[in-house]
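Student: I would like to learn how to read a structure such as this one, feature by feature. Could we look at it together?

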Amino acid sequence: MKNILIFLLAINSVFAQQSIKVSYEQVNFYSANFFDVFPLHEREAIKKQFTTPRVLQLTNNGEFSIYESIKNQELLLPSIEKNTETEINRGTSVQIPQIWLFKDFNLKKNYRKVNFKETEFYVENLFPNNELKYSTDTKIIGNYKCKLAYSTNNNDTIKYWYTDEIPIIDGPFVMNTTPGLLLMYETKKGVIYATKVEFFDKKLIINGLDKRISVIDEENYKNLKRESLAAESYTDENGVIHSKKVEKIQR
């Protein structure tokens, strides 16, 4: 993790800014034996890919914001097949699913893009009403004093390190209610931390929803997954393939 954030200030006061961009890195934590399930010849490549920080960016112009992966990530698994005179086996390429989350502060809704059975959808949700507890703990992240808010969920304490020196209620993933910009998000499964904050004295244009892509609510999306899982295989928004196993009985 970088110890010092790079802050590029285009104006003199954060309170006068109209738009902001925040770069984040996400690192996931894994148990010592997590990678033992993978074939030995693929294990190191998979471990390197899974533990390499993922780069994401938040853009906020006051009305809307987008949190997204800023570059495609690809996992190349080495092959154990030998090359021949006519074929060169370069391994298997696996695309890491992209993250795309759009927030509409006027409608108080967020939309995440998912790929379901080779079709893209936007899944619509109202901003959640997070019930956070606040601590007196503080830490310096970059040039900013951050305060701690936290919640407990599924035997995990989620920590939200925010700074009210940047009075923007936003951060990674879905909407949070901390009274300031979220610069670090910690759980037992991983951490997301800011590496760069940029301020702009003009309103940045944020492209919203593509009208060619259908919008469904969370309940309909869950129903689609349940129906598909009962009938056939599908790939969820995290890139995980779910398939129904059918046992043939010989008579």
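Student: Which residue stands opposite V191 in β14?

Tutor: Strands are DSSP runs of E with at least two residues, helices are runs of H or I with at least four, and both are numbered from the N terminus; two strands pair if DSSP finds at least two bridges between them. Here E186 stands opposite V191 in β14. Before we go on, note that this is a predicted model, in which local features need pLDDT of at least 70 and side-chain atom pairs count only at pLDDT 80 or more, while totals for chains, interfaces and linings use all residues. Residues are numbered from 1 along each chain as its sequence is written, and side-chain values use heavy atoms, with hydrogens and water left out.

Student: How many bridges join β13 to β14?

Tutor: Four bridges join strand β13 (residues 181-187) to β14, and the two run antiparallel, with a hairpin of two residues joining them. Strand β2 (residues 19-28) also runs antiparallel to β14, to which ten bridges join it, and there S19 stands opposite F200.

Student: Why is strand β14 largely enclosed by the rest of the structure?

Tutor: A residue is buried under 20% relative accessible area, exposed over 50%, and partly exposed in between, using a 1.4 Å probe and protein chains only. In β14 (residues 190-200), ten of the eleven residues are buried, so the strand is largely enclosed by the rest of the structure.

Student: Which residues of helix α1 are buried?

Tutor: In α1, the buried residues are E42, I46 and Q49. Seen down the helix axis, they fall within an arc of 60°, so they line one face of α1; the arc is that of the directions from the axis to the C-beta atoms. On the other side of α1, L40, E44 and K48 are exposed.

Student: How many aromatic pairs does the structure hold?

Tutor: Rings of Phe, Tyr and Trp (its six-membered ring) pair if their centres lie within 6.5 Å, and planes under 30 degrees apart count as stacked, over 60 as edge-to-face and the rest as tilted. The structure holds 16 such pairs. In one of them, the rings of Y67 and F173 have centres 5.2 Å apart and planes at 65°, so this pair is edge-to-face. Because Y67 lies in strand β4 (residues 64-69) and F173 in the loop between β12 (156-163) and β13, the pair ties together parts that are 106 residues apart in sequence. Y67 is buried, with a relative accessible area of 0%, whereas F173 counts as partly exposed at 28%.
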